[in-house]
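Here's a quick briefing for anyone meeting this structure for the first time. Have a look at the sequence and the model, then read on.

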Amino acid sequence: MSNPSLLILAGDGIGPEVMAQVQRIITWYGDKRGLNFDVSEDLVGGAAYDAHGVPLHDDTMAKAQEVDAVLLGAVGGPAYDDLDFSVKPERGLLRLRKEMDLYANLRPAQCFDALADFSSLKTELVSGLDIMIVRELTAGVYFGEPRGIFEEGNERVGINTQRYTESEIERGARSAFELAMRRNKKLCSMEKANVMESGILWRDVVTEVSKDYPEVELSHMYADNGAMQLVRAPKQFDVIYTDNLFGDILSDCAAMLTGSLGMLPSASLGAPMENGRPKAMYEPVHGSAPDITGQGKANPSACILSFAMALRYSFDQGEEADRLEAAVEKVLADGTRTADLMQAEGDTPVSTEEMGSAIIAALDASL
Ligand code: NAD
């Protein structure tokens with residue numbers, strides 16, 4: 001059988017810096033675990049614009065459709081701020097998500113004990129926290145028509161439309177239930193069924209889908225209460241399934257319970273391909289961090305943990321994903337940290353490369 005294929009799109013700013021550490025880890029898995037990947041690399045974002053005048057070349061898009069998973073670094077930067085909207089670096093990212101039809105965005109909020117002090121919440125509320133938000137990514141108010149700013153009488157009106165079909169709600173719900181089955185079998189669906197018809201339909205469809213997953217305990221919550229509960233008692237949740245708009249807000253809120261942007265991975269999954277694997281793109285939540293680009297200060301953990309998600313969700317290597325996450329956790333617990341995770345004055349941060357080396361040493365020690 002041929003090796004699984006990975007397309008690496010490192011992008012701009014710190015993207016290539018953090019991705020270089022992921023590539024070392026991919027090499028480690030080949031050398032030490034016999035887990036080999038066919039890796040190809042290409043351009044996205046500002047780097048693609050510089051080379052081709054577009055933030056994602058058609059050939060790159062075609063490659064992304066063919067591989068088993070895409071790993072993306074970050075896009076954007078001040079050099080591209082004044083470009084026309086149609087060729088801005090972010091358009092490359094949006095094109096990938098749209099054309100690969102990545103409808104389920106997985107954002108874990110996991111608090112490593114060593115970082116519990118970084119949370120704005122009390123340590124006991126976040127220590128051991130491990131929740132997963134599944135955000136519907138390709139429909140809802142960010143895409144619904146009509147949209148625009150229109151003249152109405154003697155003033156303007158801004159319109160966006162919250163629109164969900166049953167099948168759009170259902171396919172994301174199935175991803176969320178499947179995830180809950182692999183975890184603690186609890187799913188909380190969040191909407192605003194008290195004031196929105198789309199919320200009533202959402203609740204109906206999720207309830208219907210739940211009949212196929214009798215082992216999963218389903219609950220429903222209004223999204224505003226969900227926001228309160230996330231900061232009051234986040235450990236009550238296992239998997240949360242919510243729409244594009246609420247998911248945008250709730251996943252940022254949940255993620256920040258856990259500390260630094262440099263620690264947050266994500267996965268965006270679509271329909272299963274012929275080989276049974278879902279279309280998939282894995283990327284850190286952070287951007288291209290122009291303020292620290294080229295200084296060796298970036299924390300590669302978010303990008304490395306995104307690769308751990310790829311091991312788990314694209315390649316069925318749950319144990320190897322556990323191994324990699326445990327290696328990151330051990331390094332943090334040992335006090336090896338990049339500048340974004342410095343606690344006390346006088347602590348000495350390690351560089352991006354040193355952090356990568358420490359994680360590889362922890363992987364070696366796990367054998
Ligand atoms: P950002 O995430 O790039 O940076 C925010 C802050 O967090 C900065 O101070 C940065 O130094 C720090 N930070 C981010 N990642 C870090 C890491 N791995 N290690 C240590 N510190 C880290 O967000 P921004 O400054 O608002 O945006 C910068 C550029 O990135 C913009 O062009 C924006 O459009 C783009 N962006 C891209 C993505 C993406 O590619 N998915 C996401 C967000 C922003």
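**Arg 97 and its surroundings**

Arg 97 touches Leu 102, Leu 137, Thr 138, Met 281 and Glu 283, leaving aside residues up to four places away in sequence; a contact here means heavy atoms within 4.5 Å. Keep in mind that this is a predicted model, where local features need pLDDT of at least 70 and side-chain atom pairs count only at pLDDT 80 or more, while totals for chains, interfaces and linings use all residues. Residues are numbered from 1 along each chain as its sequence is written, and side-chain values use heavy atoms, with hydrogens and water left out.

**Annotated binding-site positions**

- An unreviewed UniProt entry places the feature "binding site" at Arg 97, Arg 107, Arg 135 and Asp 224. UniProt positions follow the numbering used here, feature names are shortened, and annotations may be inferred rather than shown by experiment.
- These positions span 128 residues in sequence and their farthest two C-alpha atoms are 27.2 Å apart, so they do not all gather at one spot.
- Arg 97 sits in helix H4 (residues 89-99), and Asp 224 is in helix H8 (residues 223-232). Helices are DSSP runs (H or I, at least four residues), numbered from the N terminus.
- Arg 97 counts as partly exposed because its relative accessibility is 24%, and Asp 224 is partly exposed too, at 42%. Buried means under 20% relative accessible area, exposed over 50%, and partly exposed in between (1.4 Å probe, protein chains only).

**Around the ligand**

- There are 21 residues around the ligand, and Glu 90, Gly 287, Ala 289, Asp 291 and Asn 299 come nearest. To be near, a residue needs a heavy atom within 4 Å of the molecule.
- A polar side-chain atom of Glu 90 lies 2.6 Å from a ligand oxygen atom, and one from Asp 291 lies 2.8 Å from an oxygen atom of the ligand.
- Gly 287 uses its backbone instead: an N or O atom there is 2.7 Å from an oxygen atom of the ligand.
- On its own the ligand has 800 Å² of accessible area, and the protein covers 68% of that (Shrake-Rupley method, 1.4 Å probe).

**Cysteines**

- The disulfide count is 0, where a disulfide is a pair of cysteine sulfur atoms within 2.5 Å.
- Cys 253 is partly exposed at 26% relative accessibility, whereas Cys 303, at 3%, counts as buried.

Key
Helices (H or I, at least four residues) and strands (E, at least two) are DSSP runs, numbered from the N terminus. A polar contact is a pair of N or O atoms within 3.5 Å; within protein, one must be able to donate a hydrogen and the other to accept it, and residues adjacent in sequence count only if both atoms are side-chain atoms.
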